[in-house]
Amino acid sequence: LWDRDRPFFGPPTGTEVGSVLVAELDGEPIGFVKIKRVESELGDRYVAGLAVATHARRSGAATALVEAALDRARERGGRRVWLKVLSSNEAALALYHRLGFEQVGAGALASRPGVDDLRLSRRVR
């Protein structure tokens with residue numbers, strides 16, 4: 001469920017419809033990835049969100065979504081994709097490392113002692 005006080009599209013997120021790719025199973029949405037143009041020292045395209053419905057996890061949907069985001073970045077002239085992930089999110093870290101992302105930075109989270117906010121990046125092929 002999405003919080004109605006935190007919009008999915010438009011201000012303040014800056015997310016446009018063309019920045020979201022959706023995975024479906026039997027005609028029902030099971031996940032999404034947001035890939036936006038955000039220039040930083042880590043890259044020029046940013047994965048601003050990735051989610052897969054609980055019942056569809058371990059189905060390959062997350063892999064397909066990230067690969068589609070990489071394709072979208074390449075189609076739009078992207079050179080490097082970056083993202084943020086919590087160090088405690090082992091499943092996401094395994095996914096991103098398997099897809100060629102490497103850790104390029106980290107920061108401590110005051111709200112979660114012992115958990116780091118990692119930065120991962122990879123070149124678009």
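This is a predicted model: local features need pLDDT of at least 70, side-chain atom pairs count only at pLDDT 80 or more; totals for chains, interfaces and linings use all residues.
**Entry 1: a cut-off, then Arg 119**

What does Arg 119 pair with? Its salt-bridge partner is Asp 117, and the closest N and O atoms are 3.1 Å apart. I looked up Asp 117 too: at 16% relative accessible area, Asp 117 is buried.

**Entry 2: the other salt bridges**

I searched the whole structure and got five salt bridges. One of them joins the side chains of Arg 79 and Asp 44, at 3.1 Å from N to O. This pair ties together distant parts of the chain, since Arg 79 sits in the loop between α1 and β4 while Asp 44 is in strand β3, 35 residues apart.

Another is Arg 74 with Asp 71, where the closest N and O atoms are 2.2 Å apart. I placed both in helix α1, three residues apart, which is about one turn of the helix. Arg 74 has a relative accessible area of 38%, so I put it down as partly exposed. Asp 71 comes out partly exposed as well, with 34%.

**Entry 3: Asp 44**

Buried or exposed, I asked of Asp 44? It is at 2% relative accessibility, so it counts as buried. I then listed what Asp 44 touches, leaving out residues up to four places away in sequence: Lys 36, Arg 37, Val 38, Glu 39, Gly 77, Gly 78, Arg 79, Arg 80 and Trp 82. Arg 79 on that list is the salt-bridge partner from the previous entry.

I zoomed in on β5 and β6, which pair in the antiparallel sense over six bridges. Within that pairing I noted Glu 102, whose bridge partner in β6 is Ser 121.

**Entry 4: helix α2**

Going through residues 90-98, I found Ala 92, Leu 93, Leu 95 and Tyr 96 buried. They cover an arc of only 160° around the axis, so they are on the same side of α2. On the other side, Glu 90, Ala 91 and Arg 98 are exposed.

What covers the buried residues of α2? My list includes β3, α1 (61-75), β4 (80-86) and β6 (116-123). I also checked the backbone just after α2, where Gly 100 takes a positive phi of about 95°.

**Entry 5: aromatic pairs**

I counted two aromatic pairs. Tyr 46 and Trp 82 have ring centres 4.3 Å apart and planes at 35°, so I call the pair tilted. The two belong to distant parts of the chain: Tyr 46 is in strand β3 and Trp 82 in strand β4, 36 residues apart. Tyr 46 is buried at 15% relative accessible area, and Trp 82 is buried at 9%.

Tyr 96 and Phe 101 make the edge-to-face pair, 5.6 Å from centre to centre with 70° between the planes. Tyr 96, already listed among the buried residues of α2, has 6% relative accessibility. Phe 101 is buried too, at 2%.

I checked Ser 19, in the segment before β1. With a relative accessible area of 9%, Ser 19 is buried. Which residues does Ser 19 touch, not counting those up to four places away in sequence? I got Val 33, Lys 34, Ile 35 and Lys 36.

From C-alpha to C-alpha, I have Glu 41 and Arg 80 at 9.9 Å in space, and they are 39 residues apart in sequence.

Note on methods:
Residues are numbered from 1 along each chain as its sequence is written. Side-chain values use heavy atoms; hydrogens and water are left out. Buried means under 20% relative accessible area, exposed over 50%, partly exposed in between (1.4 Å probe, protein chains only). Contact means heavy atoms within 4.5 Å. Helices (H or I, at least four residues) and strands (E, at least two) are DSSP runs, numbered from the N terminus. The arc is that of the directions from the helix axis to the C-beta atoms. Rings of Phe, Tyr and Trp (its six-membered ring) pair if their centres lie within 6.5 Å; planes under 30 degrees apart count as stacked, over 60 as edge-to-face and the rest as tilted. Two strands pair if DSSP finds at least two bridges between them. A salt bridge is a side-chain nitrogen of Lys or Arg within 4 Å of a carboxyl oxygen of Asp or Glu.
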